[in-house]
Amino acid sequence: MEIVLNDKNFEEQVLNSETPVLVDFWADWCRPCLMVAPAVEEISRKYAGRLKVGKLNVDENPLTSGKYGIQSIPTFIFFKDGKVLDRAVGAMFRADLEAKIGEILNE
Amino acid sequence: MSKYDIIIIGGGPAGLTAGLYTARSKMKTLLLEKVAPGGQAALAWAIENYPGFPEGIDGPELMERIRRQAEKYELEIRVGEVVKVELSSEDERSKRKVERIINTRGEEYKTVALIVATGTRPKKLGVTGEERLIGRGVSYCATCDGPLFKNRKVVVVGGGDAAVEEALFLSRFAEKTTLIHRRDELRATKIMRERAASNPKLEFMSKSVVTEVLGETEVEGVKVRNVETGKDLTLEAKGVFVHIGNIPNTAFLKGIVEMDEEGFIVTNENMETSVSGIYACGDVRKKLLRQVVTACGEGATAGVAAGQYVQKWKYKKEI
């Protein structure tokens, strides 16, 4: 399952995470976000234990989305050791997302 | 390798309707979709000209209904982007041609007939700054990103129905929306032009083209040139929404089926391409009108035509 992220828990859950984190920046009015949501959920289950997957609602969490300059959603950002590793904008093909995950996890 | 009677590439209204028809007539059908079923129609907030819905219907809802209807007849839908189509000639004796498909995850499928319904994607401006600032203020979908520009200044580039529609949508959120278009008058249909003209939050900049998107880490504005006077000016904006037309998703079929100079697939009235057994329907076809209603009609025709081809192939063993 994905973790629900917000302005309060972002540091603890993402920046201080021991495992790499994939954050899906989304909003409920965003059509492409809803289109990729099932794939993101599957990914969270498939990589459980190796990759943390979190969702951050940009409307409810302006501080975090502002900090990372989110102006198009969905935006996917990969974090490792508190740093941004990679960033992808738009409804990604699941295969492309998994290719990036593979690189990050060295699989 | 999995074998099918019919493989459909693309899960928009054309592909889903084709699948509804073929699955309902008991053809073993697989639909491959690269993101999720629905196509570009699933991004539309209201489809006002699809018959049978006088109040209009939400894009995702209409697409969800068509998908459910197709799945009721056991259409198999899988996610995967097709990168290559090969015409195999391994069955030389009977002169049967079998198309083979390979998708990104290295999976291979075989099929007797193929229906291409891959649609189009937005055309880019091709100016400095555009590529670098995608997701940083440059967008091709107002209904996706519009609400993020609440009380900001935005520009929309383009003069057709799509551009006007997106500008009207953006004007609900943005402080100011400026529509920049090349011609003297908007290309959009009368109903859209009237809606645009009566919207007090919309401004127009005619006879103008965007020559650069400005900003380092996010969009700060655009450089605009007046095509008549040649004069340049800078317009402040946080968002640049580009709606200058679409290009077909047909790169993987180059050299296989006949296309026009822009890459749209040429078919006959039965949706058959220059290669027998390969059909095309929906926005990806060379044609006059690209709407959900035409996509569905063509999908039905392609589904039936492909079904007849499969029947001939199976029972008469000749094509």
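Author: In this predicted model, strand β13 of chain B, residues 221–226, is joined by five bridges to β14(B), and the two run antiparallel. Within this pairing, V224(B) stands opposite L233(B) of β14(B). Both strands belong to an open sheet of three strands in chain B, ordered β12-β13-β14, with antiparallel pairing. The edges of this sheet are β12 (208–214) and β14 (232–236) of chain B; each has a single partner strand, so one side of each is left without a neighbour in the sheet. From one strand to the next, the twist averages 30°.

Chain B also holds an open sheet of five strands, in the order β8-β15-β9-β10-β11, and here the pairing is parallel. Its edge strands are β8 (138–139) and β11 (202–205) of chain B, each of which pairs on one side only.

Strand β15(B) can be followed through its two pairings. On one hand, two bridges join β8(B) to β15(B), the strands running parallel; here V138(B) has V240(B) as its bridge partner in β15(B). On the other hand, four bridges link strand β9 of chain B (residues 153–157) with strand β15 of chain B (residues 239–242), again in parallel. V155(B) has V240(B) as its bridge partner in β15(B), and V157(B) stands opposite V242(B) in β15(B).

Chain B is divided into domain 1, comprising 2–121 and 246–315, and domain 2, comprising 124–242. The centres of the two domains of chain B, taken over C-alpha atoms, are separated by 33 Å. In total, the secondary structure of chain B comes to six helices and 17 strands.

As for the dimensions of the chain, its C-alpha atoms fill a box of roughly 65 × 40 × 30 Å along the principal axes. A compact globule of 319 residues would have a radius of gyration near 20 Å, and the 22 Å of chain B agrees with this. Of the 319 residues in chain B, 46% are buried. Among contacts in chain B between residues at least 6 apart in sequence, 62% join residues at least 24 apart.

Finally, chain B has a partner chain. In the contact between them, 16 residues of chain A meet 23 residues of chain B. On the side of chain A that touches chain B, α2 (31–46) and α4 (94–105) of chain A each supply at least two residues. The largest share, four residues, comes from α2(A).

Conventions:
Residues numbered from 1 in each chain as written. Chains lettered and ligands numbered in written order. Predicted model: local features only at pLDDT ≥ 70, side-chain atom pairs only at ≥ 80, totals over all residues. Pairing = 2+ DSSP bridges. Domains from an automatic or database assignment. Contact = placed C-beta atoms within 7 Å. Axes fitted to C-alpha atoms, helices over the stretch in contact; angles between N-to-C directions. Rg over C-alpha atoms; globule rule 2.2 N^0.38 Å. Buried ≥ 20, exposed ≤ 12 C-beta atoms within 10 Å, placed from the backbone.
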